[in-house]
Amino acid sequence: MTSTTDRDTQAVSQFVERFGGILADTGVPRMPARILAALLTTDSGRLTAAEIADLLQISPAAVSGAVRYLTTVQIVSREREPGSRRDVYRMRDNVWYEATFRKDQMLGMIDEVLAEGVEALGADSDAGARLDETREFFRFVHSELGSMLDRWRAHREKWLEEHQG
């Protein structure tokens, strides 16, 4: 394994900015996206607010707002080191699975609301037909997501055995 001291810090910094930008393009607010990317690049998955500010060259206020967002959406947790007064921000375990699982639950609610919209507009109207097709898309994704998450769990177990053994 590559040690932290052997890493090209400029390449890591470029990765953080590039991946943070991609996350921002998908809808994650820009500053939380950068912090998430930075946390992913630490071996411990943990950074203090001061370390985040230093690493990303941002203000403490920017860190505060961004980690508040990340903790609210349950991607990052805030912890306190024993005997310390400083907060440490840590990537939650299995964060991608958990975020996708929450999306699965949201898809059920989307289906219900779209059904109300189709009924209100009438399925035979152009707008109602468009909503009905949208509803069918989300129903399809919802039906596939559960089995995909099951496949991911099995794949992850096998992958972890291969990479930790």
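1. Arginine 34 counts as buried, with a relative accessibility of 11%. The cut-off for buried is under 20% relative accessible area, so the value for arginine 34 falls on the buried side. Arginine 34 is part of helix α2. Setting aside residues up to four places away in sequence, arginine 34 touches Val16, Glu17, Gly20, Leu56 and Ile58. The model is predicted, and what follows should be read with that in mind.

2. Helix α2 covers residues 30–40 and is mostly covered, with 8 of its 11 residues buried. The buried residues in α2 are Pro32, Ala33, Arg34, Ile35, Leu36, Ala37, Ala38 and Leu39. An α-helix has 3.6 residues a turn, so residues three or four places apart point the same way. In α2 the buried residues include Ala33, Arg34, Ile35 and Leu36.

3. On the overall fold: the secondary structure comes to 6 helices and 3 strands. Their order along the sequence is α-α-β-α-α-β-β-α-α. The chain is more spread out than a compact globule, because its radius of gyration is 20 Å, well over the 15 Å that the globule rule gives for 165 residues. Along the principal axes, the C-alpha trace spans about 65 × 40 × 35 Å.

4. On burial and surface: 27% of the 165 residues count as buried. The chain exposes about 11,300 Å², and carbon and sulfur atoms supply 53% of that area. Of the contacts between residues at least 6 apart in sequence, 49% join residues at least 24 apart.

5. On charge: the chain has 21 positive and 27 negative charges.

6. Tyrosine 89 is located in strand β3, residues 87–91. Is tyrosine 89 buried or exposed? With a relative accessible area of 8%, tyrosine 89 is buried. Not counting residues up to four places away in sequence, tyrosine 89 touches Leu39, Gly45, Arg46, Leu47, Thr48, Ala49, Ile52, Val67, Val76, Ser77 and Arg78. One of these, Leu39, is also among the buried residues of α2. Glutamate 161 lies 72 residues from tyrosine 89 in sequence, and their C-alpha atoms are 27 Å apart.

7. Aspartate 104 sits in helix α5, residues 95–121. The relative accessible area of aspartate 104 is 14%, and the residue is therefore buried. Which residues contact aspartate 104, leaving aside its neighbours within four places in sequence? They are His142, Leu145 and Gly146. Aspartate 104 and alanine 53 are 51 residues apart in sequence, with a C-alpha to C-alpha distance of 34 Å.

8. Arginine 135 belongs to helix α6, which runs over residues 126–164. Arginine 135 counts as buried at 18% relative accessibility; the cut-off is under 20%. The side chain of arginine 135 makes a polar contact of 2.6 Å with the side chain of aspartate 111. Beyond its neighbours within four places in sequence, arginine 135 is in contact with Asp111, Leu114 and Ala115.

9. Tryptophan 159 is another residue of helix α6. Tryptophan 159 is partly exposed, with a relative accessible area of 43%. Valine 16 is 143 residues from tryptophan 159 in sequence, and the two are 25 Å apart in space, C-alpha to C-alpha.

10. Glutamine 57 has a positive phi of about 55 degrees, although it is not a glycine. Glutamine 57 is placed in the loop between α3 (49–56) and α4 (60–72). Its relative accessible area is 62%, so glutamine 57 is exposed.

11. Glutamine 74 likewise has a positive phi, of about 65 degrees, and is not a glycine. Glutamine 74 is found in the loop between α4 and β2, where β2 is residues 76–80. Glutamine 74 counts as partly exposed at 39% relative accessibility.

Methods: Residues numbered from 1 in each chain as written. Predicted model: local features only at pLDDT ≥ 70, side-chain atom pairs only at ≥ 80, totals over all residues. Heavy atoms only, no water. Helix = DSSP H or I, 4+ residues; strand = E, 2+ residues; numbered from the N terminus. Rg over C-alpha atoms; globule rule 2.2 N^0.38 Å. Buried < 20%, exposed > 50% of the residue type's maximum accessible area, 1.4 Å probe, protein only. Contact = heavy atoms within 4.5 Å. Areas by Shrake-Rupley, 256 points an atom, 1.4 Å probe, with all protein chains shown as cover. Lys, Arg positive; Asp, Glu negative; His and termini not counted. Charge placed at Lys NZ, Arg CZ, Asp CG, Glu CD. Polar contact = N/O pair within 3.5 Å; in protein donor to acceptor, adjacent residues only side chain to side chain.
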